[in-house]
Amino acid sequence: MLKIIGILCATGSIIFDLASYYKQIAKTLKTRHSNQVSSTAYVMKLAHYTCSIIALVAFANWVGFTMELSATIACLICFGLVIHFKPKGWRLFNFGK
């Protein structure tokens with residue numbers, strides 16, 4: 001029974017994570033601009049997922065690895081879309097300013 005609850009919760013986690021990215025993608029495609037979306041937040045999310053994936057592999061937690069990998073892929077897709085609809089002349093890192 002505990003294993004079934006774990007599987008349901010892991011599946012729910014993946015669905016909710018993917019749904020949040022879906023909402024951002026749908027909003028960005030609908031408005032055709034992303035100047036109110038924080039690109040730095042996506043960079044931080046990707047750093048988080050990278051660290052999590054490395055830790056989960058180190059501890060051989062393959063369920064967690066699968067969950068984080070699916071979130072990483074969704075985050076990369078969403079981040080690419082957000083970058084695509086940024087205003088002209090936008091840069092992710094403004095080191096020169």
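Here is a quick briefing on the helices, the core and the cysteines of this structure.

This is a predicted model, where local features need pLDDT of at least 70, side-chain atom pairs count only at pLDDT 80 or more, and totals for chains, interfaces and linings use all residues. Residues are numbered from 1 along each chain as its sequence is written, and side-chain values use heavy atoms, with hydrogens and water left out. Helices are DSSP runs of H or I with at least four residues, numbered from the N terminus.

**The core**

- The largest nonpolar core holds 11 residues: Tyr21, Val37, Tyr42, Leu46, Tyr49, Ala71, Ala74, Cys75, Cys78, Phe79 and Val82. Such a core is a set of buried Ala, Val, Leu, Ile, Met, Phe, Trp, Tyr and Cys residues joined through side-chain atoms within 4.5 Å; buried means under 20% relative accessible area, exposed over 50%, and partly exposed in between, with a 1.4 Å probe and protein chains only.
- Helix H2 (39-58) and helix H3 (62-84) are the elements that give two or more residues to this core, and H3 supplies the largest share, with 6 residues.
- Cys75 is in contact (heavy atoms within 4.5 Å) with Tyr21, Tyr42, Lys45, Leu46 and Tyr49, leaving aside neighbours within four places in sequence.
- As a general point, nonpolar side chains in soluble globular proteins tend to be buried together.

**H1 and H3, one at a time**

- H1 has 30 residues, which at 1.5 Å a residue should span 44 Å, and its end C-alpha atoms are 44 Å apart, so the two agree. The expected span is 1.5 Å times one less than the number of residues in the helix.
- H3 passes that check too: its 23 residues should span 33 Å, and its end C-alpha atoms are 33 Å apart.
- The buried residues of H1 are Ala10, Gly12, Tyr21, Gln24 and Thr28, and their cover includes H2 and H3.
- On H3, the buried set is Gly64, Glu68, Ala71, Thr72, Ala74, Cys75, Cys78, Phe79, Leu81 and Val82; what covers them includes helix H1 (2-31) and H2.

**How H1 packs on H3**

- H1 and H3 pack at an angle of about 0°, with axes 10 Å apart. Axes are lines fitted to C-alpha atoms, for helices over the stretch in contact, and angles run from 0 to 180 degrees between N-to-C directions.
- The H1 side of the contact includes Ala10, Ile14, Leu18 and Tyr21, while the H3 side includes Met67, Ser70, Ala71 and Cys78.
- Ile14 sits in H1 and is partly exposed, at 24% relative accessibility. Beyond its neighbours within four places in sequence, Ile14 touches Met67 and Ser70.

**The loop after H1**

- Arg32 follows H1 and has a positive phi, near 60°.
- Ser34 lies in the loop between H1 and H2 and is buried, at 1% relative accessibility.
- Leaving aside neighbours within four places in sequence, Ser34 is in contact with Thr28, Val82, Phe85 and Lys86.

**Cysteines**

- A search of the whole structure turns up 0 disulfides, a disulfide being a pair of cysteine sulfur atoms within 2.5 Å.
- For Cys51, the nearest cysteine sulfur is that of Cys75, 13 Å away. Cys51 is exposed, at 55% relative accessibility.
- Cys9 is exposed as well, with a relative accessible area of 52%.
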